[in-house]
Amino acid sequence: MNRFFEWAYRTRGNSVRDLAAGKEVSMEKMFLSFMSHNPIFVSDGPAGLNGAVKGIGFIPKEEYLAAALEDYVKHIKTYDPADKTYSNRGLEVLMKWLYSEEAEKNIDFDHVYGVEMAFTNSYKNYQANPQCSMVFYQPPVISYELKGKMELIGEHHTADEEVDPFSLPILQQFINAQHDVYHLPNIDRWKTRPVYRFTIEEIYDKSSTKNGFGQKIL
């Protein structure tokens, strides 16, 4: 496996696995593991040159999305504010579809995905210019850059529009659902949040190591 994916996918998977198993995970380790989730999106377009920190993740390949979404929604519909087990049960769902040894065989490693929440500079730029650079940094030395093209999927409906969330494009449903499996869920909010699909064309290791400093690895 390419060392970027080893770091970005497996490191996060290990953290999810530890949490799902009830292991104590230090805040320091948790914060460091989030570095593979929160790159800087670099864009250029009508809003000018722009960098913004956003959350990204991997998802299963297209042929597995419908079954995974069914499991996600089934779990999300169990949410009860008084039930403190929701997030832990969500980790088990994520293990099943994303981070188990079996799930890894079915992951789409050609893309990374994210949810749009701000609708300002990045959103304006990618509507006009899909070229994107995505920069990751984990102190003290790890850094990677992805280059490729960004695609916006789904519409940005307002909260008061009458839109059936399950009529949205399946990727818009799925990526919002993947967020809500662990975090506070709100299915009706999905219609307000289109999603990003970033096609990876090049990967550079920019770590401060002998194999880094801008070496192209994909």
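Helices are DSSP runs of H or I of at least four residues, and strands are runs of E of at least two, numbered from the N terminus. This is a predicted model, in which local features need pLDDT of at least 70 and side-chain atom pairs count only at pLDDT 80 or more, while totals for chains, interfaces and linings use all residues. Residues are numbered from 1 along each chain as its sequence is written, and side-chain values use heavy atoms, with hydrogens and water left out.

**Aromatic pairs**
- The whole structure holds 18 aromatic pairs (ring centres within 6.5 Å, with the six-membered ring used for Trp; planes under 30 degrees apart are stacked, over 60 edge-to-face, the rest tilted).
- F4 and W7 form a tilted pair, 6.2 Å centre to centre with 50 degrees between the planes.
- Because F4 and W7 are three residues apart in helix α1 (residues 3–20), about one helical turn separates them.
- F119 and Y123 form an edge-to-face pair, at 5.1 Å centre to centre and 85 degrees between the planes; both residues are buried.
- One aromatic cluster is formed by F4, F5, W7, Y9, F58, Y99, F109, F136 and Y144.

**Surroundings of E116**
- E116 lies in the loop between β3 (111–115) and α6 (121–128).
- E116 counts as buried because its relative accessibility is 0%.
- A polar atom of the E116 side chain lies 2.7 Å from the backbone nitrogen of A118.
- Not counting residues up to four places away in sequence, E116 touches K54, Y123, R193, P194, V195 and Y196 (heavy atoms within 4.5 Å).

Note on methods: Buried < 20%, exposed > 50% of the residue type's maximum accessible area, 1.4 Å probe, protein only. Polar contact = N/O pair within 3.5 Å; in protein donor to acceptor, adjacent residues only side chain to side chain.
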